[in-house]
Amino acid sequence: TLACFAAFLYLIDYAARLLRPISILTRVGNEGLAVIKSVYPDPSLGPGFPKSQRRALALPERVIQHQGTSAIVLAVNLEKLRSEAERSHGVIEFVPQVGDFVAVDEPLFNLYGGAHTVEDDALRSAVALGSERTMEQDPTFAFRIVIDIALKALSPAINDPTTAVLAIDQLHRLLRSVGTRHLRTDDIHDISGQLRLIVRTPNWDDFVHMAFSEIRACGANNLQIVRRLRAMIENLNETLPGHRQRELQVQSKLLDQEIERLFRYPEEQMLARIADSQGLGGHSSK
């Protein structure tokens, strides 16, 4: 009986520690970093990308629609789709993005040129569908989970900005990882440089907007939040390549505008403009 009670109490303590926000945020952050590394394995190549060949495409020869039941796109086998496009000497466009909800009869593939000869089953088998989003090939979902935790913490009913700061810590490391990697364009070519596959993926601006916009809108009236966001902006400006800085500068400007709008006293505005990695209470050299 004593052993059962001890095991029961240990299980409660273990489960409680797993359910703490910091435990959940750290686990999601670690999984998100792994997904980012698998989806974007190459380092950043700079601002230049090959010119898109999509303007040369006419109307699709054939459109394959989603059949069965409505579902969410979990993953796509890009190598299989590219090989099918190369074999048929055509171009395959995967219409939705990983993480999108696809209803029955919505377009799933647009086929150009010789790709219209590819069998439907061969294309559909390259797409994994499910009832809810996963992080298998969807790095934005890790951002989304962390952001939702921050937004809940910032809601008036909970009012827990410290948990929101912990969430921003994870967004910071996720965004830095994304910024150091080559975010492939939507156009995928074969060895000869011929366009073969079109797959929509989020770009750098998309990740930045996701990381900042909602948290700034809900937490700009809190000193901890604006100071932690500024610390993230300044650190990313210092550690990421130069072509990543334009959108970060836009976010800094938006943060300044919110501070001027929400903080009435000059002393508060001055305090809010200090970058602080702890939100409020950390050391700043400025």
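This report looks at a helix pair and some aromatic rings in a predicted model.

## Ground rules

Residues are numbered from 1 along each chain as its sequence is written. Local features need pLDDT of at least 70 and side-chain atom pairs 80 or more, while totals for chains, interfaces and linings use all residues; side-chain values use heavy atoms, leaving out hydrogens and water.

## Two helices side by side

Let's start with α7 (residues 204–219) and α8 (residues 223–239), which pack at about 155° with axes 10 Å apart. Helices here are DSSP runs of H or I, at least four residues, and strands are E runs of at least two, numbered from the N terminus. Axes are lines fitted to C-alpha atoms, for helices over the stretch in contact, with angles from 0 to 180 degrees between N-to-C directions. That angle makes α7 roughly antiparallel to α8 (over 145 degrees).

Who touches whom? On α7 the contact uses Phe212, Ile215, Arg216 and Gly219, and on α8 Ile225, Val226, Leu229, Met232 and Ile233 (contact means heavy atoms within 4.5 Å).

## A cluster of rings

Ring pairs join Tyr40, Phe143 and Phe207 into a cluster. Rings of Phe, Tyr and Trp (its six-membered ring) pair if their centres lie within 6.5 Å; planes under 30 degrees apart are stacked, over 60 edge-to-face, the rest tilted.

Tyr40 and Phe207 sit edge-to-face, 6.4 Å centre to centre with 85° between the planes. Tyr40 is in the loop between α2 (21–39) and β1 (62–65) and Phe207 is in α7, so this pair ties together parts 167 residues apart in sequence. Both Phe143 and Phe207 are buried (under 20% relative accessible area, with a 1.4 Å probe and protein chains only).

Conventions. Parallel < 35°, antiparallel > 145°, perpendicular 65-115°, else oblique. Buried < 20%, exposed > 50% of the residue type's maximum accessible area, 1.4 Å probe, protein only.
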